[in-house]
Amino acid sequence: MQSSHRNDMPESHINYPTLRLLDIKRVQEGDDQYLCISDPLGLNPSEVLVPIHLAPFLSLCDGEHDVSAIRTALDLRIGLSLSSEDAQNIIHELDEALMLEGPRLEEAQSDALKSYHMSPFRTPRLAGKVYPSGPDALEKALDSYCQQFPAPRAISRETADRVVGLLSPHIDFRRGHRVYAETWQSIEEAFPEFEQVFLLGTDHSGSGGRVTLTQQNYATPWGVLPNDPDLVNTLIKGLGKKFALGEELHHVNEHSLELAAVWLHYFLRRAKGRTSYKNMPTVIPILCGSMTPYIYGQENPSQDDNFATLLTTLDDAMKKRRTLIVVAGDLAHVGPAFGDSRTWDEPARTVLRNADYASMAAMCGADAEGFFQGIQEEQDARKICGLTPIYLALRLMGAKVAGERLSYEQCAADSAGTSFVSIAGVMWSR
């Protein structure tokens, strides 16, 4: 293994190692294959390379096997014989790389959360990587996207007060700029109207059935988008601090809200009078975890008390201030890059488009339960990345809105052109 070590911390003996949630992909270096493991929370900024033959070792780090059981299973399953010392060394390297649950990881998380809270705002993590870090360069880039791809259908000033919600991608701008530009420009006339924005985005590391708040302000290269501490505190009180803030650290590195916030800030600045912190609408960032308990279990998301509390509180806030609901969510993730055995040729992509359009028809019909049930029936075979925030937004907007599909695209996700991410723009109006 190649890893960064934390030798300043005391060693801890781990009897039953438990691998935490990580981003893992297979890579080739020369004739050798590795698992390239990265930390979605950024606690360990270095990637860790694990030889491919140790993949079964990692799968056995599930909290159910001790060192002896791991060694025995490896010998029986794949004929890999490891000494007790070698197995212990691997476990300690994993622990030092912050890949295992335990005291070392907890201390790193605590330190990172303190640093996040001490910062004057949530730092844009993708500035200079996915989009320009300088405000002028960023404005020029988005200007260019909008000039290349004007809105196919834009609302008028007379109908601007009817806009309630928007589905935006959260894919990188290089691949998604057409859909971003066509989608956000469609509601440009409405931006001077908004007093608050609920920004709901996918938490790619989020637990099932979880929504995660933060009291931090989000920022872009143009400055800060002010949060609403009173509303956030009300939500925290209703949901309970442990539930509402238990995964707050995910806000630090999660890209879904950040990429949508850049487009939001761009159009707020273009709207008359929206050039300074003081006259910006409040922006409440909400990360939404997975729907796994509802897709594969017996539970129903319509019966989830935490979802109900969140939506009731937000609905009350919407009655007091002109609100835009923004969903930062992509659609399907299909192909070998996402663990599928099949490749997605042109006929398969047509089938995918039809399935995506069916999901968007439920969205446009403001049918939250129908939208979810369609995904549940297929066991989320398309791996809809924006499932939870879309579902919650549909419930929040209610049946009195109607949606319109604005833009759609299938973006390549591998160099072979066999894996794709589908993205879309949808607008909801009263």
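This is a predicted model: local features need pLDDT of at least 70, side-chain atom pairs count only at pLDDT 80 or more; totals for chains, interfaces and linings use all residues.

Biologist: Which residues of H5 are buried, and how should I read their spacing?

Modeller: An α-helix has 3.6 residues a turn, so residues three or four places apart point the same way. In H5, which covers residues 135-148 and reaches 20 Å from its first C-alpha to its last, close to the 20 Å expected, the buried residues are Leu138, Ala141, Leu142, Tyr145 and Cys146. Seen down the axis of H5, these buried residues fall within an arc of 130 degrees, so they line one face of the helix.

Biologist: What do the buried residues of H5 pack against, and which exposed residues are on the face turned away from them?

Modeller: The buried residues of H5 pack against helix H6 (173-186) and helix H10 (255-270), while the face turned away from the buried side carries the exposed residues Asp136, Lys140 and Gln147.

Biologist: What is the phi of leucine 98, and where does glutamine 379 lie?

Modeller: Most residues other than glycine have a negative phi. Leucine 98, however, has a positive phi, near 65 degrees, and its place is in the loop between helix H3 (84-96) and helix H4 (103-118). Glutamine 379 lies in the loop between helix H14 (368-377) and helix H15 (387-397), and its phi is also positive, near 55 degrees.

Biologist: Are leucine 98 and glutamine 379 buried or partly exposed?

Modeller: Leucine 98 counts as buried because its relative accessibility is 2%, where buried means under 20%, whereas glutamine 379, at 40% relative accessibility, counts as partly exposed.

How values were computed:
Residues are numbered from 1 along each chain as its sequence is written. Side-chain values use heavy atoms; hydrogens and water are left out. Helices (H or I, at least four residues) and strands (E, at least two) are DSSP runs, numbered from the N terminus. The expected span of a helix is 1.5 Å times one less than its number of residues. Buried means under 20% relative accessible area, exposed over 50%, partly exposed in between (1.4 Å probe, protein chains only). The arc is that of the directions from the helix axis to the C-beta atoms. Contact means heavy atoms within 4.5 Å.
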